[in-house]
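Please look through the sequence and the model before reading on. The points below take up a few local features one by one.

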Amino acid sequence: MKYTKEDLKIMQSWPLERKIQVTQTRIIEWYQRFEGKVYVSFSGGKDSTVLLDLARRIYPDIEAVFVDTGLEYPEIREFVKTKENVTWLKPKMSFRQVIEKYGYPVISKNISQYIREAKHTKSEKLRDLRLNGRNNESMFCIPEKYKYLINAPFEVSEKC
């Protein structure tokens, strides 16, 4: 479901209890849709900690998965260790290897993708779309302030 800015303003004005109720309803729908074969991606940050807490209020045994990239603060790792039923995953590639192979993820996944495409595409149509948008709309287009990254002396990519 796609929400409008007005929808989001209305939802932000809801009391906390209603926000919790709606979120837990969505968790139940998600859990049932996948027949309980689910987990919560848990980074140890505030957002994923709240999500894990809300999910475990309903499903106390729901598994959490923490991806240890090697870039986390030691305090985050220690905090994650305090939670039960958390599976730790280690990526096959280090962050440095990902950067060397694919490039830096900058700004956002979308902007990084647009920069990569503008820099490497053979399609003039795609390059024009990334540089100028469509029908004078900025959607699908690199914002002016980031266009310098097309000529950066390093690769930019959303592939991380």
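**Notes on a predicted model**

1. In helix H6, Gln 113, Tyr 114, Glu 117, Ala 118 and Lys 119 meet Leu 126, Arg 127 and Arg 130 of helix H7; contact means heavy atoms within 4.5 Å. By class, three nonpolar, one polar and four charged residues make up the contact of H6 with H7. Here Ala, Val, Leu, Ile, Met, Phe, Trp, Tyr, Cys and Pro count as nonpolar, Asp, Glu, Lys and Arg as charged, and the others, Gly among them, as polar.

2. This is a predicted model, in which local features need pLDDT of at least 70 and side-chain atom pairs count only at pLDDT 80 or more, while totals for chains, interfaces and linings use all residues. Residues are numbered from 1 along each chain as its sequence is written, and side-chain values use heavy atoms, with hydrogens and water left out.

3. H6 covers residues 109–120 and H7 residues 124–132; they pack at an angle of about 135°, with their axes 9 Å apart. Axes are lines fitted to C-alpha atoms, for helices over the stretch in contact, and angles run from 0 to 180 degrees between N-to-C directions. H6 is therefore oblique to H7, given that angles under 35 degrees count as roughly parallel, over 145 as roughly antiparallel, 65 to 115 as roughly perpendicular and the rest as oblique.

4. Ser 48 is part of helix H3 (residues 46–58). Its relative accessibility is 10%, so Ser 48 counts as buried (buried means under 20% relative accessible area, exposed over 50%, partly exposed in between, with a 1.4 Å probe and protein chains only). A polar atom of the Ser 48 side chain lies 3.0 Å from the backbone nitrogen of Ser 43, and one lies 3.3 Å from the backbone nitrogen of Gly 44. Not counting residues up to four places away in sequence, Ser 48 touches Ser 41, Phe 42 and Ser 43.

5. Where is Met 93? Met 93 sits in the loop between strand S3 (86–89) and helix H5 (95–102). With a relative accessible area of 31%, Met 93 is partly exposed. Leaving aside neighbours within four places in sequence, Met 93 is in contact with Val 98, Lys 101 and Tyr 102.

6. Most residues other than glycine have a negative phi. Glu 35, not a glycine, has a positive phi of about 50°; Glu 35 lies in the loop between helix H2 (16–33) and strand S1 (39–41) and, at 65% relative accessibility, counts as exposed. Ile 107 has a positive phi near 60°. Ile 107 is in the loop between H5 and H6, and is partly exposed at 48% relative accessible area.

Definitions and conventions
Helix = DSSP H or I, 4+ residues; strand = E, 2+ residues; numbered from the N terminus. Polar contact = N/O pair within 3.5 Å; in protein donor to acceptor, adjacent residues only side chain to side chain.
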